[in-house]
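Me: I'd like to learn how to read a few features off a model. Could you walk me through some?

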Amino acid sequence: MSSVIERWHKVVEAQDPRGLADLLADEVVFHSPVVHTPQVGKAITTLYLSAAFKTLNAPGHFKYLREVVDGNNAVLEFQTEIDGITINGIDMIQWNDAGKIVDFKVMVRPLKAVNAIHAAMGRMLDALKPAKA
């Protein structure tokens, strides 16, 4: 297994977004299953992944089922549950030679799961955004 993917698993297990600081490249691109355009940059990617940790990584539900690693690319299949809906998806992760993630794409099925993620992530992102003064 790649050291990048080992580090990713540790961050996911800890559900600690601070671990993303050393794992994500400044120019990382995040592809959400529910947002039309790619999100560019470490700050916005950290926000989305932090929300995903809280939304998708429910204790006892989230687990990685399979993973394929080839060079600087990995595909990790996961399963979780939101509001009684079983969600099946994949994280497609690409990293540079410095061991920093440069591209992170999440794909989810079925449609009912996509709708559940859209609603849950929207609530979580609103809760994580800093309050305006």
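Predicted model: local features only at pLDDT ≥ 70, side-chain atom pairs only at ≥ 80, totals over all residues.

Me: How do I read aromatic pairs, and how many aromatic pairs does a search of the whole structure find?

Reply: A pair of rings is described by the distance of the centres and the angle of the planes. The search turns up 7; Phe, Tyr and Trp rings (six-membered ring for Trp) pair with centres within 6.5 Å, and planes under 30 degrees apart are stacked, over 60 edge-to-face, the rest tilted. Phe62 and Phe78 are stacked, at 5.5 Å centre to centre and 25 degrees between the planes. Phe62 sits in the loop between helix H2 (42-56) and strand E3 (63-70), and Phe78 in strand E4 (residues 73-82), so the pair ties together parts 16 residues apart in sequence. Helices (H or I, at least four residues) and strands (E, at least two) are DSSP runs, numbered from the N terminus.

Me: Which residues of H2 are buried?

Reply: Among them are Tyr48, Leu49, Ala52 and Phe53; buried means under 20% relative accessible area with a 1.4 Å probe, protein chains only.

Me: And what does the side chain of Asp103 join by a polar contact?

Reply: The partner is the side chain of His31, at 2.9 Å; a polar contact is a pair of N or O atoms within 3.5 Å, within protein one able to donate a hydrogen and the other to accept it, and residues adjacent in sequence count only if both atoms are side-chain atoms. Asp103 belongs to strand E6 (residues 101-109).

Methods. Residues numbered from 1 in each chain as written. Heavy atoms only, no water. Buried < 20%, exposed > 50% of the residue type's maximum accessible area, 1.4 Å probe, protein only.
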